[in-house]
Amino acid sequence: MIREESPSVTPALEPLRRIAAYAVCTDGSGRVLLVRASTRSGTPGAWSLPGGAVDHGEDPNHTVVRESAAETGLSITVTGLHDVLADMRALPHRGVTIHTDRLIYAASVRGGTLLDRVGQPTDLARWHTLDEAKGLPLRPFTATALGLPPGSIDLRPDETPDFPSFYAAPGPDGLHRAQRFAAYAVATDPAGRMLMTRVAPGYPGAGCWHLPGGGTDFGEQPGEALLRELVEETGQTGRLVALLGVASHRDAASLGPEGYPIDWHGVRAFYRVAVDDPADPRVGDVGGSTDEARWFPADELRALPPASITEVTADAVRAAFPEQGD
């Protein structure tokens, strides 16, 4: 049984949620690169994709290259985004349940030599065909990423604990730091209009137009969280069309409703979302980070002053309406 601890007992909430990046590397024969967990890990003998936790402020693209090199001895190049998913894992001996947002990248090998590691959390790195991988004890996220039947290596919790989507804790310099995973929508209707939300006073970027979306809750899949946020922030029902990409942004001294500076690291997944039956936008989460929502025709959106939209929104507008030019 999982031991539940109250926030007053838990020494730190940060380890209960993390962001990680992994590589799906294949060779010319179609084999996939996998690493084996050692006896020092929580799942000894289990195989998974190479990768690991994203450090505070680190771009996940750099994480997956760094971690893959450390675990396999190979230098890789990221060639694309394969998938974004989340899972929960119970660790009864620690009394915690960890939610991990996993960024799965496609990658190719530039060079290097496979190495075995002694006394590390992973001890072997090997190439396997998919048929061979089916016979291995795979971590569930690895099986999902490879399109194989899910394994049962990880102990899954019976219930979703109630934890915040982020937790600010003092960093080594004394400044509070927080890492948060979020999902945002480039949402359009059949007329080609784009849905935007305005940041409420008291939040970073107050008064600027932004993409609908926000931080995912503990236990939520990114796509499901985004559709929930779309309803809460704008009153629209959307349909996921495609995963567009992932971005990383660090604000070393962000000021928000907490009232004190936070070294903030956000990792954001962006999705193309179709709203097939658009309605007049309405903000359901009154008092939150959004105070208005609007549909913008492409020409009106392009005419907005640069200072009136967030940087991430400007990038999304250029991607969504490339035919408009700069």
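The chain of this predicted model is divided into domain 1, spanning 14–146, and domain 2, spanning 177–320. Taken over C-alpha atoms, the centres of domain 1 and domain 2 are 30 Å apart. Contact between them involves 22 residues of domain 1 and 22 residues of domain 2.

**Open sheet**

- Strands E4, E1, E6 and E5, in that order, form an open sheet of four strands with mixed pairing.
- E4 and E5 are the edge strands, each of which pairs on one side only.
- From one strand to the next, the twist averages 20°.
- Nine bridges join E1 and E6, which pair in the parallel sense.
- Within this sheet, Arg-18 has Thr-100 in E6 as its bridge partner.
- Helix H1 packs on the sheet and touches E1, E4, E5 and E6; the direction of H1 makes about 90° with that of E5.

**Largest pocket**

- The volume of the largest pocket is about 1,300 Å³.
- Its lining comprises 48 residues, and those closest to the pocket centre are Arg-180, Tyr-184, Pro-204, His-210 and Arg-268.
- Five strands are among the elements that each supply at least two lining residues: E9 (176–188), E10 (194–199), E12 (213–215), E13 (239–254) and E14 (262–274).
- Helices H4 (222–234) and H6 (311–320) likewise supply at least two residues each to the lining of the largest pocket.
- By class, this lining holds 21 nonpolar, 15 polar and 12 charged residues.

**Second largest pocket**

- Of the 28 residues that line the second largest pocket, Arg-18, Ser-41, Arg-89, Pro-121 and Arg-139 lie nearest its centre.
- The lining of the second largest pocket divides into 11 nonpolar, eight polar and nine charged residues.

Methods: Residues are numbered from 1 along each chain as its sequence is written. This is a predicted model: local features need pLDDT of at least 70, side-chain atom pairs count only at pLDDT 80 or more; totals for chains, interfaces and linings use all residues. Side-chain values use heavy atoms; hydrogens and water are left out. On a 1 Å grid over the protein atoms alone, a cavity is a set of points where a 1.4 Å probe fits but cannot get out, and a pocket is an open set with protein on both sides within 12 Å along at least five of seven lines; lining residues have an atom within 4 Å of a point. Grid points are joined across faces, edges and corners, and a volume is the space filled by probe spheres set on the points. Ala, Val, Leu, Ile, Met, Phe, Trp, Tyr, Cys and Pro count as nonpolar, Asp, Glu, Lys and Arg as charged, and the others, Gly among them, as polar. Two strands pair if DSSP finds at least two bridges between them. Axes are lines fitted to C-alpha atoms, for helices over the stretch in contact, and angles run from 0 to 180 degrees between N-to-C directions. Contact means heavy atoms within 4.5 Å. Domain bounds come from an automatic or database domain assignment.
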